[in-house]
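Have the viewer open as you read.

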Amino acid sequence: MPPRPVAHPLVDLTGRTPRSAPLPRKVPMALTHPHTTISWREPDKLPLRGTLIVLPGRGETPHVYERFGRRLAADSYRVHAVTAPSDDADRTREQVLGLLAEADPSTPRVLVGSDAGAAYAAYLTALPADTANLANGTVAGLVLAGLPANARTTTGGDSAPGWNDELDLRTACGTHRTKISEAGVRPGDLFGDLPAEWLDPGVPQRITVPLLGIHGANDEVSPVDAARRWYAGAPRAELVTITEGRHDALNDQTHRTVAATVVLFLERLRLGGELAPIATAEQQYSTTAPPVGHDV
């Protein structure tokens, strides 16, 4: 059976566009329940493999991660999406702590953050255990996508881009462009400043759990070179860059590849914090490089 989406409180929930092509909507609309926690559960009769808590980015609601949640839930991971910390960090923290407490402690519990959600997830995990209650085995690992490079976002202009420009910065996936144009994202919030403490230079070195970073190679909101420097400061970090990827790494045109990368990390994490490899590429026999692919 397919994964069952569940919301707290209950909410009824039932994939390439040219860079410059506008969508037929004039003004995107935000959803009416931005603070609802939504869950996608593992299929019936299959054992739970782990729990993921998704922290959305600036201007996003939990609904934006429905595709990601369904895909990971199909692999028997329970996925929860909470309030964006850029909207209400205290509410996000409360939701995260509550979900961690309810999650099965015999399987890995992992925070997955995008944009500001990535910065806040890293910040929470780096806090002392008696402050955040996320250490001491509560959180087994982190997945950070599109981590902001700086607390202040610069886009090369004097003013925030319009919606079509923001879409181009976010994603090249036609399905996702349509989804967030209809509902789920507040225009312009992506360019808001973040609390400086979330991106304190000391944060990465204080994260002791395994960390997977996913970053678009063409991310203009958070340039990948700055992200590389951040991950280089973490004791146990792996960074995967996505060819031609943009800022919304979990929802870009390569969303299947990204989801598969996350699953590979989770499966290694299940075997222990050493992240021993499961699949090893022995040799590439092709004499020519394959073309860049896209998930559609």
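Helix α1 gives the most to the lining of the largest cavity, with three residues. Helices here (H or I, at least four residues) and strands (E, at least two) are DSSP runs, numbered from the N terminus. The model you are looking at is predicted: local features need pLDDT of at least 70, side-chain atom pairs count only at pLDDT 80 or more, and totals for chains, interfaces and linings use all residues. Residues are numbered from 1 along each chain as its sequence is written, and side-chain values use heavy atoms, with hydrogens and water left out.

Back to that cavity. About 30 Å³ of space lies in it, and its lining is made by Arg67, Phe68, Arg71, Leu250, His255 and Ala259. The elements that give two or more residues to this lining are α1 (66-74) and α8 (255-270). A cavity is a set of points on a 1 Å grid over the protein atoms alone where a 1.4 Å probe fits but cannot get out, and lining residues have an atom within 4 Å of a point. The volume is the space filled by probe spheres set on the points, which are joined across faces, edges and corners.

Next come the aromatic rings, of which the structure holds three pairs. Rings of Phe, Tyr and Trp (its six-membered ring) pair if their centres lie within 6.5 Å; planes under 30 degrees apart count as stacked, over 60 as edge-to-face and the rest as tilted. Tyr120 and Trp198 form a tilted pair, at 4.8 Å centre to centre and with 50° between the planes. Tyr120 lies in helix α3 (residues 116-126) and Trp198 in the loop between α6 (174-182) and β7, so this pair ties together parts that are 78 residues apart in sequence. Trp230 and Tyr231 form an edge-to-face pair, 5.1 Å centre to centre with 80° between the planes. Trp230 is buried at 11% relative accessibility, and Tyr231 is buried at 4%. Tyr120, Tyr123 and Trp198 form one aromatic cluster.

Now turn to strand β7 (residues 211-216). Six of its six residues are buried, so the strand is largely enclosed by the rest of the structure. Leu211, Gly213 and His215 point one way from β7, while Leu212, Ile214 and Gly216 point the other way. Which strands pair with β7? Strand β6 (residues 141-145) pairs with it in the parallel sense over four bridges, and Ala145 stands opposite Ile214. Strand β8 (residues 237-242) also runs parallel to β7, joined to it by six bridges, with Gly213 opposite Leu239. Two strands pair if DSSP finds at least two bridges between them.

Finally, follow the chain onward from β7. Together with helix α7 (residues 224-232) and β8, strand β7 makes a right-handed β-α-β unit. Right-handed means that, with the strands pointing away from the viewer, the path from the first strand over the helix to the second runs clockwise.

Technical notes:
Buried means under 20% relative accessible area, exposed over 50%, partly exposed in between (1.4 Å probe, protein chains only). On a 1 Å grid over the protein atoms alone, a cavity is a set of points where a 1.4 Å probe fits but cannot get out, and a pocket is an open set with protein on both sides within 12 Å along at least five of seven lines; lining residues have an atom within 4 Å of a point.
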